[in-house]
Amino acid sequence: MRALIVNADDFGLTRGVSAGILAAHRHGIVTSATVLVNGGIDRRQLDEAREAGLGLGLHVNLTLGTPLTRGRSLVDGGGRFARDPQRAAAGAAPRDVRAEIEAQIARFEKLVRRPPTHLDSHHHVGLYQPVRDVFLDVARAHGLPVRSQDAAARVRARSAGLKTTDHFFGEAGPGAYWSAARTLAGLRTLPPGVSEFMAHPGRFDDDLGYSRFGRQREIELAGLGGHAARGAAAALGITLRTFGQL
């Protein structure tokens, strides 16, 4: 059995990003998205995602913008998160991390009107201590699956009794990862079990101009969001899933 979850990170980052994720779900192989809830998310787009059957998880965010809580250890002198995940985690008090993650889950449930399918984290901040242990403990308390970026993360998740995938593919570097060629190659060589493709499709808009990873989202949208990818997955007998189906 070969099953695949294609998760698009950063739903709610900008309207263009959310629109691209929706298009990649409707026309391609994106099955899941994780939502940033501590910004100005467009609720109409969120309703469209829910109605389209897109799996929606929470993109736990401690590295972009401002928190929902008043945890002083999470922010700089201007009240904003540190963008570097290792620095953000190193300065964070566990009690502040827990309060912020719980607040983001509560906001997600208010916006989406159901619990998230799973948790992952923006800039992979959930891999670094002391955030890591709190992240896993909150996931366990809520009975939520988590992303596992590597074998060590997978062992930690399963040791905590959490559902996760067997394999993980994807990268969030300066260049687009899921080009059309890499997408088709990844589908052809997909191993047995349940895999996750971490992806960042989107449509470039003015609000994304600040990001070093802006126009690259259009490349991932083309690679994952069209009939070629969907047809290849079907021809190869790959079952497309969400984290809610683990």
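## Sorting residues into classes

Let's start with a way of grouping residues: Ala, Val, Leu, Ile, Met, Phe, Trp, Tyr, Cys and Pro count as nonpolar, while Asp, Glu, Lys and Arg count as charged, and the others, Gly among them, are called polar. Keep these classes in mind as you explore the structure above, which is a predicted model.

## Two cavities

How many cavities of 30 Å³ or more does the structure hold? There are 2.

Take the second largest cavity, with a volume of about 30 Å³. Its lining is made of L62, L74, A88, A89, A92, V125 and V131. Which classes do the residues of this lining fall into? The lining of the second largest cavity has 7 nonpolar residues, no polar ones and no charged ones. You can check this yourself, because Ala, Val and Leu count as nonpolar.

The largest cavity has a volume of about 110 Å³. Its lining comes from 13 residues, and G126, L127, F135, R147 and Q149 lie nearest the centre. By class, the lining of the largest cavity divides into 6 nonpolar, 3 polar and 4 charged residues.

## Helices α1 and α8

Now for a pair of helices. Helix α1 covers residues 15-27 and helix α8 covers residues 216-224; they pack at an angle of about 10°, and their axes are 9 Å apart. This angle makes α1 roughly parallel to α8, because angles under 35 degrees count as roughly parallel. The crossing of the two helices is left-handed.

Which residues make the contact? From α1 come V17, G20, A23 and A24, and from α8 come R217, L221 and L224. The residues of this contact divide into 5 nonpolar, 1 polar and 1 charged. In this grouping Gly counts as polar and Arg as charged, so look for G20 and R217 in the contact.

## Helices α7 and α9

A second pair is formed by helix α7 (residues 180-188) and helix α9 (residues 227-235), whose axes come within 10 Å and cross at roughly 10°. That crossing makes α7 roughly parallel to α9.

Where do these two helices meet? On the α7 side are T183, L184 and L187, and on the α9 side are A228, A229, A232 and A233. The contact of α7 with α9 has 6 nonpolar residues, 1 polar residue and no charged residues.

How values were computed:
Residues are numbered from 1 along each chain as its sequence is written. This is a predicted model: local features need pLDDT of at least 70, side-chain atom pairs count only at pLDDT 80 or more; totals for chains, interfaces and linings use all residues. Side-chain values use heavy atoms; hydrogens and water are left out. Axes are lines fitted to C-alpha atoms, for helices over the stretch in contact, and angles run from 0 to 180 degrees between N-to-C directions. Helices (H or I, at least four residues) and strands (E, at least two) are DSSP runs, numbered from the N terminus. Angles under 35 degrees count as roughly parallel, over 145 as roughly antiparallel, 65 to 115 as roughly perpendicular and the rest as oblique. A crossing is left-handed if the near helix is turned anticlockwise from the far one by less than a right angle, and right-handed if clockwise. Contact means heavy atoms within 4.5 Å. On a 1 Å grid over the protein atoms alone, a cavity is a set of points where a 1.4 Å probe fits but cannot get out, and a pocket is an open set with protein on both sides within 12 Å along at least five of seven lines; lining residues have an atom within 4 Å of a point. Grid points are joined across faces, edges and corners, and a volume is the space filled by probe spheres set on the points.
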